[in-house]
Structures are given as C-alpha cells and as structure tokens.
Amino acid sequence: MLECRNIHKHYGGIVALKKVNWKLLPGEVHALCGENGAGKSTLARILCGITMPDEGEILLEGHPVAWTGSQTARQAGLGIIPQELDLFAHLSVAENLAIGNTRLETSAWVSPRALHDAARPLLRDVGLDLDPAWPLDRLSVSQWQLVAIARALGLDAKIIFMDEPTSALTDDAVERLFGLIRRLKERGVTIVYVSHKMNEIFRICDRVSVMRDGEMIGTDACAATSIDRVIQQMVGRAVATIRREKVSMADETLLEVRAVSTRKLRAVSFTLRRGEVLGVAGLVGSGRSEVGRALFGLSPITGGAMTLEGRGYQPLSPHDAVAHGVALVPEDRQREGLISGMGIRQNVTLASIGKYSRASWIDRDEEAVASTDALAKCRTRFADQELPVRSLSGGNQQKVLIGKWLLTHPKICFFDDPTRGIDIGAKDDIYRLVGELAGKGLGVIWVSSELPELLANAHRILVLHEGRCVGIIDAATATQEDIMRLATGHHVPLS
Amino acid sequence: MTGNFWKYVKHHGQPFIGLVLILVLGTMLSPRATDGTIVFLEPGNLTDVLLQQSEVGIIALAMTFVIIGAGIDLSVGSVLAFSACVSALMLMVWNPHGPTVLQIGVAVAASLIGGALVGVLNGLVITRIHLQPFVMTLATMIGVRGFTKWLTGNVNVDLGFGAIPSGQFAEVVSSKPFAISLWIALAIIAHLILVRTVYGRYLRAIGENARAAAYTGLPVRGVRLATYIGCGALAALAGLIHAARSHQGNPNDGVGYELDAIAAVVIGGTALAGGRGSIVGTVTGTLVLGLLTNVLRLHMVDSNLELMIKAVIIIAAVWLQHSGRGVRDDL
C-alpha cells in the first residue's frame, strides 16, 4: 500500500529520522509506538507531505511519489489527524469539515445548506450529534477531536494517520472511535494509530511498529508480541543506566501534597523531603507539567490540600507562590521564561530585583554583583551581561532562568523538562546544579522526558498516567521498563 | 565618559537625528526679522513651542508608560477636557469664602483625582475583566466626553481675570516658566522611574512578555493598573494647563490629543507592541512635532498641508527606526 525507504531527516544538528524503512498493508490498523521524541510524528508528517525528507523515497502502491505539499498527498488519499488540532475555532463545524476538501468546495460560492448536508453524514459517522452550524469554539475538546477525525473521513482517505486520537476523548467517545476504526478497516482503509496507550493498541491494532531515537526498531503482528516486549523495544535494553552520586536527603518533610486535583490532575498525593530530587515521569498529556502549575498557583486546585513546612499552602498566583519560596523553571523557555529582548543581567535579577533596591530605586552595583555571582554559579557562558538574553544558546538561556531563581533562595524548585533541546555539556552543568541545590536542602521536583536522566539524578520517581499518580518508585532500583510500564497505563506488574 | 556618551547616542540617538534635522531645517528656512535675526531661533519663539507642546508633551510621558506596558489609552483627550471643565467650574461656581490658595488647591486636586479615577476604571476593567485596552479606553473616551458635556451643560466655563482665584490660577499655570518647567520636571522623573526603578524594570518585562513576567511572580495587574492611573492623572494635569492657557473650560476641547500623544511616543521609538521605549524618545518626538508646526506656521503654510507633512514624518520616523534595528519580527 504505502512504503517508505531510507527516509532520513534532520533538524539542525539533531537527527530526527535515521534511514527509516516501513511498510503499510491495505486495510490494516497499524500502531506506531515510541517515547516522546522518537520520531513518530516526524515520520507521519513526512508521509503526509507536510514535512519534506532529506533523503529517501516514498512508494504508493508500488509507484514512487514525491509530495510537494500536504495538498498533493491528500489528493492521493492520505489524511492525517494531527495531535495539535489545526482547526478554526471561529468557523462552523461544517466549514471546518469543508476547508481544503475539494469535493465540498466546488466553487467560490458556498451554500451553507449544501455544506451542512454534506457535514451531517460525516458527523454521524464519528458519533457526533450536533448542529453543523455551530462555531467550533462552543465544542468541548473531545468534540474537537471528533470533528478532526470527521474531517479526515470527509477526504475519503485511503490511509488515515491518527496521532494520539484518544488523548482528549472520553471513554464512550473512545469506544465509538474504535467502532469507527473497525468499520473503516472493513472498507479497506489503512489506519496508522500513533499512541502511547498499550491497552488500546493491543485491542484494535493488527500490527505494531516501534521507533526509538529516530530509528525503526521493528514491526510485529500484535498477536505475536506482547506489551512487555513493545515496552522493552521502546526504551532499548542496551542502555546501561548511569546512577549519579546523590546527596542523601534529610528526613524532614518539606512539602506534602494530599489528593490534589485540578482540571488535569486527579487526586495526586506525594511528599517531598528537604534535599530530595523527586523525578516526575509520564507521557505528554499525563499531567506532568500540571503538577508544577498547581504548585505555582497557575492552575486552580479543585480538591485536596498541600502543606509547605507543616503549614497549609494554597497559592493563588505565581506571585504568591514565589513569596512562599516556590520557583518554577517552565517548559517553554521562550514564551514562559525569558524576556528575550531584555539584557542577560535584567533577566537574571528579575525575580529578586527588590532585594537590590531601596524604595524601588535600583542599586546597579549591587545588582551587577548579584547577577555576576548567579551567572557564575550556573556556569553560564556569555560575552556581555548587557546583551539581550536571546543572543545566548538554549543551554545558557536555561542557566539564566535557573540563576534567576537561585537569587530568590527558594525552598522548592520545580524544573519542567529543563534539559530539552540543549546540548550535552549544558545538560551536564544542569545535572550538577540540581545536585548542588538539593545538597543545600532545597526540594527539587524534576519533570523529564528522558528516563535515564531521571534514573541518574532523582532519589524517587513519581509516575503519572492520565492525571493520576500510578506509582512512586525508588530510582536506585527501578528500571526504564518499570517506569514505561506504569506510564503507559499498564499497571499489572510483570515478572 | 565620552565613551558612554557615544554609546548612549548610538543606542538612543535615533529620535535626536529627527530633532537636529528639524532644528537645522527650521533655522535655514526661517523667515528673517527686519534686523536680520532668525525668527525661528528667537528664545521667544522656541519657548512658545515648548509651551504649546507642554500639554501633549505631558500626556505623551504617561502614554509612553501605557504603551511600554503593551496597552493604549484613547481617553486622554476627553480627560483633558473633563479636567479643564471641573477646575473651571470649581474656580468660578464654587465659592468657599476661604483663602485663594485653598480654593485653587481644591480645584486642582479635584481635577487630578477625577482624572486618576478614570485611569482606575480603565485599568481595573483592562486587568480584571480583560477587555482590550483599545476598546475600554475608546469607551471611556466617549463616556467621559459625554459626562463633561453634561456637567457643563455643553457651554464653555470662562475663567475670570485679576485678583480672584480663577484669574490668579490662569496667570500662574499658563505662564511659560510654570508650564515648561513642570513638563521638564515630569519628564526627568518619568525617565528615572523607567530606567532606574523596580517599577520601570517590571513594566518593560511585562510589556515584552506578560506571561513570562507572571511566571516570574511579578505583580502584572498592579503594574499595568498604575500606568492607566498615571495616564489619567497626567491627562488631567495637562487639562489644568489647557484651562489656564485658553482661559476657560471647554467641554469640546482636547479632541484628537490622544492621537497627537501616541504619534509623539511612536516617533520617539517606543514600540506599540510593548516592552521597548524611552522617555527621551517621547520628549524628542513631541518636540519634532511642535517645531515642525512652528516652522510651517512661520511660513503661513496651509494647516491642511501641515497635517499631510506630519503624516509623512510619522511614517518616516518609524520606518527609519525599523531599518536601523535591522531585524524584522514578521516574515
């Protein structure tokens, strides 16, 4: 049906796909698994003509094809249901279904009635019972996702890519989707099912392919493999886990979180001790970042309670959280962390500038001493502190953000995937820095997508799955497979 | 020291170029008096320009803060008229039978507080209900204008002459030394607040990236609210000068002042997107506009043509600053 040979793709210095060979059969449901960043989405995007490969060829029914954009791939019968829904919030459901669909957009003049008539069967197919005239922003996230699926159906695609289609769906919507997948399969449609959820994969897929670090590890029939084996393929057994010398933590509890719920968390409980590095593992959408948002006053807490140093802690805003000694290094450095046009020095002292001023008047000498000190502690490399912070590399930008919080002398620091997209040297500096912070008696909570990193640096690891805490395991004895098994929702311990 | 000076000119010099250009052009094109002196450069003429521009100049100072905080305030022209009318009413209609200073003081305080309250309203709605600054201040621009007209019955409130409080108020406040030095003093204070205080630092951070500023724990709402309060109060202060200079409170005055103030800020290199800007630039922008008007008026150039030339100046000034930075934020 569809085949790709030696697909190679790199972004800057990072290799996203390494000589990928892959084959899809007609009328099969084919699962594509892998950790975050393994290259699943890149592969799907290349096959659908959204991204161009650097090397390699794509064959459709035996004939080589060269996509010049997603339009040509769509005309050839490939549809992608993306992870990040590229729908239009202010347009109606019917208009969203029609956009880019040449069968529905036959002329410049579109009759609303014709659009609505065309939309209704598609909506029925995905089990959505709503008025096609409704604007999309009146719909729930789950309904959005179903509209996205309906849109791919409307294209009469022969191959449909579903990238994490159930991530925002309710349980009965998932059942309806599975029914739809079975019907599509009977019509001879091939479905590529990109997911982390092992239970779902083994329920509806015929074959499963595993990717790791941009490479295709293998393809097996679901009947011939097991959840355990797929997980092993995902994490790779060859990697020996390095365990760093960890500073022993104190017995004193710093933070206690009891059954805290937010919009995305469901009754999460854990304790953080003074001097502890608590890792947080989970797949994208599992609520990893939400733990930090709740702790930092960014997500309203709907249930449960927190105590910080024995006293009740209920942050109303980040301002409040900072006043209580909580710091957060956000996942998205550019949008949530840096004031990129401001100088390096101003960024480093932004959270603590009150300390270097009297009656609001900034003492520039004191500020300079403090920023120089913080930048040196974080081993930041820069030419001039006056230069805008955007002139720094990603790793050094991250160090500026960490330096900013060092100056506030926090009690708890939450790092949200701090080493993502930075070079090895800077990563190493950050590992050392986190160790030093814990050594000084801080409580560190560290979210990471890289399990070896957590195993090497954390004392314990909290694993989240769909907003629930599914386990807190000792990093000294745990393996990547243990974590991945929990994170994919496969609770039953395997011997 | 000289190194610092050149570094400063390099970083902040662009608005000065326009100022120097206008001064040179003005000198060259200026008509000559019968004794051969250059009319444009006469102290009387130049201080006339400063006095004329003091109203918009003071508003533009506050507008710079609002715009750096990624906001806009369209209500300043209406607040100016409101303040002029309130002060005129209090000086003419209200008679406390007390000392002159007291009556003037109360009238001034009432106008300033009234202006600040409009700012409180703008700021609270913008930061709490998240109405867009443009929409909210457009509404207050209309509403405050209506309120002022209702307050005065849509008639001018004339100030008196002589030793009565209103006459003394007009004489002092409209005098060149008072109005000009007030503007200069406020400009210096505004500059220092912007570059040397925690508040100024927070404002620039919030204007450039409000989300990151919030994630750093900065009091985003409070800082933004303060810019609108300051803008309301300074617009009211400009209204006092306006009342004194025109010797009346006219509920229909001040139309279009908000756009003059915004033009001065923009010519001065402050980015409408927020985060970046300077008081030095704004003062220069105000002067460029004032001197341009002056040069053209000395030549009796048609005021319609004057507006068209101003339009070209605004576009040219902002375009020069863009090309100077060498970075394009869009595609």
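Ile159(A) has its place in strand β7 (residues 159-163) of chain A, where helices (H or I, at least four residues) and strands (E, at least two) are DSSP runs numbered from the N terminus. This is a predicted model, in which local features need pLDDT of at least 70 and side-chain atom pairs count only at pLDDT 80 or more, while totals for chains, interfaces and linings use all residues. Residues are numbered from 1 along each chain as its sequence is written, and chains are lettered from A and ligands numbered from 1 in the order in which they are written.

**Surroundings of Ile159(A)**

- Ile159(A) is buried, with 23 other C-beta atoms within 10 Å; a residue is buried if 20 or more other C-beta atoms lie within 10 Å of its own, exposed if 12 or fewer, and partly exposed in between, with C-beta atoms placed from the backbone.
- Leaving aside neighbours within four places in sequence, Ile159(A) is in contact with Met1(A), Leu2(A), Leu24(A), Gly77(A), Leu78(A), Thr190(A) and Val192(A), two residues being in contact if their C-beta atoms, placed from the backbone, lie within 7 Å.
- Between Ile159(A) and Leu184(A), 25 residues apart along the chain, the C-alpha atoms are separated by 10.0 Å.

- β16(A) and strand β19 (residues 412-416) of chain A run parallel and are joined by 4 bridges, and Leu328(A) stands opposite Phe414(A) in β19(A).
- Further along the sheet, β13(A) and strand β20 (residues 443-447) of chain A also run parallel, joined by 4 bridges, with Val447(A) in β20(A) as the bridge partner of Val280(A).

**Helix α17 of chain A**

- Of the 8 residues of helix α17 (residues 480-487) of chain A, 7 are buried, so the helix is largely enclosed by the rest of the structure.
- Those buried in α17(A) are Gln480(A), Asp482(A), Ile483(A), Met484(A), Arg485(A), Leu486(A) and Ala487(A).
- Packing partners of the buried residues of α17(A) are α8 (227-235), β13 (277-281), α16 (451-457), β21 (460-465) and β22 (468-474) of chain A.

**The four-stranded sheet of chain A**

- A further open sheet, of 4 strands with antiparallel pairing, has the order β12-β11-β14-β15 in chain A, and its edge strands are β12 (268-273) and β15 (311-312), each of which pairs on one side only.
- Strand β14 (residues 303-308) of chain A pairs with β15(A) in the antiparallel sense over 2 bridges, and Arg311(A) in β15(A) is the bridge partner of Leu308(A).

**Chain B and its helix α7**

- Chain B holds 14 helices and 2 strands, and buried residues make up 49% of its 331 residues.
- A compact globule of 331 residues would have a radius of gyration near 20 Å, and chain B agrees with this at 20 Å; the radius is taken over C-alpha atoms, and the globule rule is 2.2 Å times the number of residues to the power 0.38.
- In helix α7 (residues 165-173) of chain B, the buried residues are Pro165(B), Ser166(B), Phe169(B), Ala170(B) and Val173(B).
- These residues cover an arc of only 130° around the axis, which puts them on the same side of α7(B), the arc being that of the directions from the helix axis to the C-beta atoms.
- The buried residues of α7(B) pack against α4 (76-92), α5 (100-129), α8 (176-196) and α11 (220-246) of chain B.

**The contact between chains A and B**

- Chain A contributes 23 residues to the contact and chain B 19 residues.
- On the side of chain A that touches chain B, α10 (318-323), α11 (333-337) and β18 (361-362) of chain A each give two or more residues, and α10(A) gives the most, with 4 residues.

Note on methods. Pairing = 2+ DSSP bridges.
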